[in-house]
Amino acid sequence: MKKRTRIILTLIALPSIALLLFLSQELLNSYYSRIITLIGIYGIMAVSLTLVNGISGVFSLGHAGFIALGAYTSALLTLSPEQKEMTFLIEKLVWPLNSIQIPFFWATIIAGLVAAVFAFLIGWPSLRLTGDYFAIATLGFSEIIRIFALNLNSITNGALGLKALPDHTNVWWAWGWLFVTVAFVLSLAYSSFGRALRAIREDRVAAQAMGINVFKHQLTAFVIGGFFAGISGSLYGHWLSTIDPRTNTFGILLTFNVLIMIVLGGLGSITGAIIGGALFAFLSEWLRFLEGPMNLLGFKIMGMSGMRMLVFSGLFVIIMIFWPRGLMGRSEFSWDGLVSVFKRGSKR
Amino acid sequence: MDPKTLLQNFVNGLSLGSLYALIAIGYTMVYGILRLINFAHGDIFMMAVYFALFFVTLAQLPWYLAAILAIACAGLLGFTVDRIAYKPIRNAPRISALITAIGVSFFLESLAVVVFSGIPRSFRTIFPQLLNEMIIIGGEMEVKYGREVIVGGIRFPVISLITLIVAAIALVFLWWFIFRTKVGMAMRAVSLDIQTTSLMGVNVDRVIGMTFALGSALAGIGGILWAIRYPQVWPYMGFIPGMKAFVAAVFGGIGSVPGAVLGGLILGITEVMMVGIMPGAAGYRDAFAFFILIIVLSIKPSGLLGRPEIVKV
């Protein structure tokens, strides 16, 4: 396929996605449009983690920490001063934060920047480690962030969390940011910088011998991943409308979920990450029937909560054992690939 | 801190540390052989506690029998996890093994939520009340509010003492097992060189399975003692102790069993002492272990007793 055809196809596809989103807003009820928004948010989370875990060859388990940082930062910036006065019961909120309120867009940007700064501070010491040690160190840092959120009453409102966040996150914010994230990460991944990252992933020592500064490249990738995780955190917080530092909200479970998305989509593929995020959002809603009361072969079964997570984790282990490449492997979506899939299909 | 409080904290820290040590041994043995961080170890710890709970409440077994059975079941669970999840990917890249281990941990937690429900249960009243009493040394009898009470003295819970004794017995058994039995000898050989050992006619998979079973059984002992000390049982209870024990294993030098014991004891004592000196920082005690981990990894990644890992190109 010629380059011009590909560009034209992309130029057709993007407005059609926008049109589909618009139609979904008009035609579907608010439950479905919330799920479509969630798909966009999960996409950002998964793509930002793919940049770190899939492309740059370090394995971070600290994603939930950056998402939490983003969510808290932007929530503190968008809540109105009166609302903050009402929410902070244990201790009053510290000075500059208790009297400011800024628009959602800027709050999201600042959330991303705060997460990026923390990613820098965390990556600086821990990127001297490799492999599983780095994974554990980042996991430790995300736990530290959660524990501080639990104990710093005058900033995070402790265990009570922040409530009644304005519901700024809609389909347009989520998918708009997803578009920005994907465009940025894709152009990064196919620049000389991205090739250097992949070289490090394949063979760290050889890349070093070729003159690539491993530490600098990985730190940059980690900070960019942290930035977009912060963005997704801001969107996610305003989607949830209540954030608190429990394990189920911003703890290791969230990192697990994002990890499931990128492993399902194929570790190392950006389009795979989006597909994984969409599948995860879709499946976790669809599998809700498992948790309700069921009628199985004449037996009435009570609803069992937690069943969905059991299915996901079982699926996760099975994928890792039998199908470690996931849906997309390391390849990206391309128009040529799509055409060849159809051609193969028609030949049979 | 006056000497009495210091001694009190020391005993409590030592007993907490020996719990960390019991869990850390499982991490360190598996890492020594497979170079795999067995993420699911903390969840086997949690499962052992649930087994003990249900053997007592549902099966109406006496507590000592329930404890022994639960420990055996934990060992069996560790063996099964290795057979089902880790054995098929033994030759896969290390990072996929790590991801699988995370998945197994997540699976066991979700399984516990579904089977045992996510609502925390109490472990109190299951084991003899004696274990929750206090040992008081010294102090003076005084009459307050019409009752005789002991004021002052050194006091620590009975369970601290029991934990120390049980941990010591388990460690002696482990030492005997590793250095005086044939299976133990095979374990040491496998941790040095898997391929050569298999050429010598050792069934490597069985030895690895035994290692998982042994480590998991020790985690089971740790879990039951832990639950008597902190009697809240819930599906995510294994995460923090598991992580801290891992920190202890890294601190002592991962791959080294004496290192895991040493790391566990040091971590337990410093943690209790830190809270004793700065009671205001008690909320941050879980973060403290991770700070230690970061510092150890950046200064001396091979730990106190570990050998540095050489990367061959």
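A search of the whole structure finds three cavities of 30 Å³ or more. A cavity is a set of points, on a 1 Å grid over the protein atoms alone, where a 1.4 Å probe fits but cannot get out; a volume is the space filled by probe spheres set on the points, which are joined across faces, edges and corners. This is a predicted model, in which local features need pLDDT of at least 70 and side-chain atom pairs count only at pLDDT 80 or more, while totals for chains, interfaces and linings use all residues. Residues are numbered from 1 along each chain as its sequence is written, chains are lettered from A and ligands numbered from 1 in the order in which they are written, and side-chain values use heavy atoms, without hydrogens and water.

**The largest cavity**

Select Tyr27(B), Phe39(B), Ser105(B), Phe239(B) and Met243(B): of the 16 residues lining the largest cavity, these lie nearest its centre. Lining residues have an atom within 4 Å of a point. The volume of this cavity is about 110 Å³. Next, display helix H14 (252-265) of chain A with helices H2 (41-57), H4 (94-116) and H9 (239-252) of chain B, the elements that give two or more residues to the lining. Helices are DSSP runs (H or I, at least four residues), numbered from the N terminus. H9(B) gives the most, with four residues.

A nonpolar core is a set of buried Ala, Val, Leu, Ile, Met, Phe, Trp, Tyr and Cys residues joined through side-chain atoms within 4.5 Å, buried meaning under 20% relative accessible area (1.4 Å probe, protein chains only).

**Ser234(A)**

Move to helix H12 (residues 214-240) of chain A, where Ser234(A) is placed. Ser234(A) is buried, with a relative accessible area of 0%. Beyond its neighbours within four places in sequence, Ser234(A) has contacts that include Gly70(A), Ser74(A), Phe104(A) and Thr169(A); contact means heavy atoms within 4.5 Å.

**The second largest pocket**

Finally, select Thr10(A), Leu14(A), Val182(A), Leu186(A) and Phe333(A), which lie nearest the centre of the second largest pocket among its 28 lining residues. A pocket is an open set of points with protein on both sides within 12 Å along at least five of seven lines. Its volume is about 1200 Å³. H1(A) supplies the largest share of the lining, nine residues.

Note on methods. Buried means under 20% relative accessible area, exposed over 50%, partly exposed in between (1.4 Å probe, protein chains only).
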